[in-house]
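Here are my notes on this structure, in numbered points. Please read them with the coordinates open.

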Amino acid sequence: MKRRGVTFKLFAITSSLFLLLYTIIMLGQLLFFEQFYQSKKLGDLENKLKTFAEHYVSKQWDEESMANEVSLFISRNKAQIAIVSTDGKVKVDNPFGIVVRNAAGEKVKISLSMFPDVYRKDLINANLHIGDHIEATGVFEEGIPQTLFYPLVIHKAGEKPIGSLKTSGTAEPLERLSGEITGMLLPSPNQWNSRQGILVLVIKDWFPLSEARKANLESGNIIEEEWVEPWSGVRSLVVIQPAMKDGKVTDLIIASTSLQQISEANDALRLFYIYIGIGGFALILLLSLIFSKVVSKPLLSLNRSALQMAKLDFSVKSPIMRNDEFGSLARSLNTMAEKLDVTLKELQQANEQLRAEMEQKQRMELIQKEFVSNVSHELKTPISIVKSFAEGLKDGVGENKHDRYIEVILDETEKMEELVRDMLELTKLESKTIKLKKSSFFVSELMEEVVDKLLHHFNEKDLRVVTILANEEALFADQVKIEQILFNILVNAIRHARVGSEITVRIEGRDNRELFVAIENEGEHIPEDQLEHIWDRFYRIERSRNRKTGGTGLGLAIVKHIIELHEGTYGVRNTDRGVTFYFVLPCHLPTE
């Protein structure tokens, strides 16, 4: 890798940028992650606690609803909560507990806030029910009457005791409480947290409140402070939200969440980032090298190709301006510029293309002239007839010829109208501006309608129609345009069919979801050299252009364009009995 080469420059720029970005990210996580996470956690906890306080004041929950709401708060926010009076008396503590009625008929709540986590599975598996008799060993909460009990051991009759007296850690004498279960709320495994007991210690440590804290709460402000457990040094975040009613503080809602996990995770991340940082720097250098080689490889390849082209008998046009691969590429391109023979070949190809376009334009002009000539020829005869018969009426022909002259004028006018209508229709089709209005229908049913419309023409030549169906499928196409196809081909078949013969219509569905339609008439064959021209406008087999047998000469041209709009195929062939016109259309469904 040359020091002045493009590969080296690209490697240096890429690696520098990525290393700078990586360093910024690493330093940001090392220096600010813990503060950011703690701030976000505090903000979320304050918002949730404020909402809880508003609901607590406005909804006036009963005891059961209160327990459920506190349980949901603990589960959703991974924080402990308690509701106390302004003087520190606990109103709502851990919602999880068992209510028993003792021998004196008094209800006592066995709180699970201090119950060790190691026994939670045993307690849940004990399958306690209301009405069961249990006995608990522990201590009562201070105060008279004694309504709150903190157990160390819970024993259900006939079952193994749950808990241990060795975890007591208290100098107070242990007491026994027995009675019948009248109510209980046990946590699910993910809701159990012994930190609720720590929250009780926070309350004892902070109350009675200092004057500064009390004044702050009475103003409706929230208090958030960090509290450290004195015996373990574990850090906790404590938030106090005043519950306000009529501008006065009625209760205080206290929440606590651990900051120890954040610190431990951040300490682990710091060590992790040291190791990953070294590997990351090495990986960035490696990837930058690979990236620079991949990006510069096409340029180097192009440069080698240009140098091979420069070995022809041409000299370098300009001196070298740079010392890297771009400079070499510039010299190679300058050399290629001298190869005028390549440019001349390109100009020759362009001239050939231009000549072809001019020839195509001339052909189009000839077609247009032929079209005008054909239109003039088609309209000349009926106009002459109308003019001569109109002059006869003007000159006052005999009464016996009067009706005949009018009938001829109307007949010729109708033919001119038909010709103009077909010309307009063909012009629209050739301009590709028609939008097909597709629907699903059966061609056999449409064929019956067309035959009924042409019944008079069939009877004039004593013709019979035979329809053969085979695996017909519904066709999704423009029904009006398909009817026009069938009408034009049938009219053409009637004109050229022998008197008293049959016209055979074959409708067949094919395996590749195509519909094949063929119409055969008995009569004279079409010369083989004229089969490919039969679809051209104004083309008739009769060179005399006899319109009585040849129509306007536009019907089959219209058929061709309609089939092409439907992305179908068409053709004509001579058969043993006469001539067959056929077309094939795809049977697309609407969902496609």
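1. Axes here are lines fitted to C-alpha atoms, for helices over the stretch in contact, and angles run from 0 to 180 degrees between N-to-C directions. Helices (H or I, at least four residues) and strands (E, at least two) are DSSP runs, numbered from the N terminus. The model is predicted: local features need pLDDT of at least 70, side-chain atom pairs count only at pLDDT 80 or more, and totals for chains, interfaces and linings use all residues. Residues are numbered from 1 along each chain as its sequence is written, and side-chain values use heavy atoms, with hydrogens and water left out.

2. Start with a helix pair. Two packed helices are described by the angle between their axes and the distance between the axes. Helix α10 (residues 443–453) packs on helix α12 (residues 479–496) at about 50°, and their axes are 10 Å apart. That angle makes α10 oblique to α12; oblique is what remains once angles under 35 degrees (roughly parallel), over 145 (roughly antiparallel) and 65 to 115 (roughly perpendicular) are taken out. The crossing of α10 and α12 is right-handed, meaning that the near helix is turned clockwise from the far one by less than a right angle.

3. Now the residues of that contact (heavy atoms within 4.5 Å). From α10 come V443, L446, M447, V450, V451 and K453; from α12 come Q479, I482, E483, L486, F487 and L490. The contact of α10 with α12 holds nine nonpolar residues, one polar and two charged. Here Ala, Val, Leu, Ile, Met, Phe, Trp, Tyr, Cys and Pro count as nonpolar, Asp, Glu, Lys and Arg as charged, and the others, Gly among them, as polar.

4. How many aromatic pairs does a search of the whole structure find? It finds seven. A pair needs ring centres of Phe, Tyr or Trp (its six-membered ring) within 6.5 Å; planes under 30 degrees apart count as stacked, over 60 as edge-to-face and the rest as tilted. F52 and W61 form a tilted pair, 5.4 Å centre to centre with 50° between the planes. Ring pairs also link F52, Y56, W61 and F73 into a cluster.

5. F52 has 6%, so it is buried. W61 has 16%, so W61 is buried too.

6. A lysine deserves a look. K156 lies in strand β6 (residues 148–156). Its relative accessibility is 17%, so K156 counts as buried. Leaving out residues up to four places away in sequence, K156 touches A126, N127, L128, D132, H133 and I134.

7. Next, backbone geometry. Most residues other than glycine have a negative phi, and most peptide bonds are trans. The peptide bond from F207 to P208 is cis, with omega near 0°. P208 sits in the loop between α4 (195–206) and α5 (211–218).

8. D246 has a positive phi, near 55°, and is not a glycine. D246 is in the loop between β10 (235–245) and β11 (248–258), and is exposed at 76% relative accessible area. E567, also not a glycine, has a positive phi of about 60°. E567 lies in the loop between α14 (555–565) and β17 (569–574), and is exposed at 64%.

9. Last, N512. This residue is in the loop between β15 (502–509) and β16 (514–522). N512 counts as partly exposed, at 48% relative accessibility.

Methods: Buried means under 20% relative accessible area, exposed over 50%, partly exposed in between (1.4 Å probe, protein chains only).
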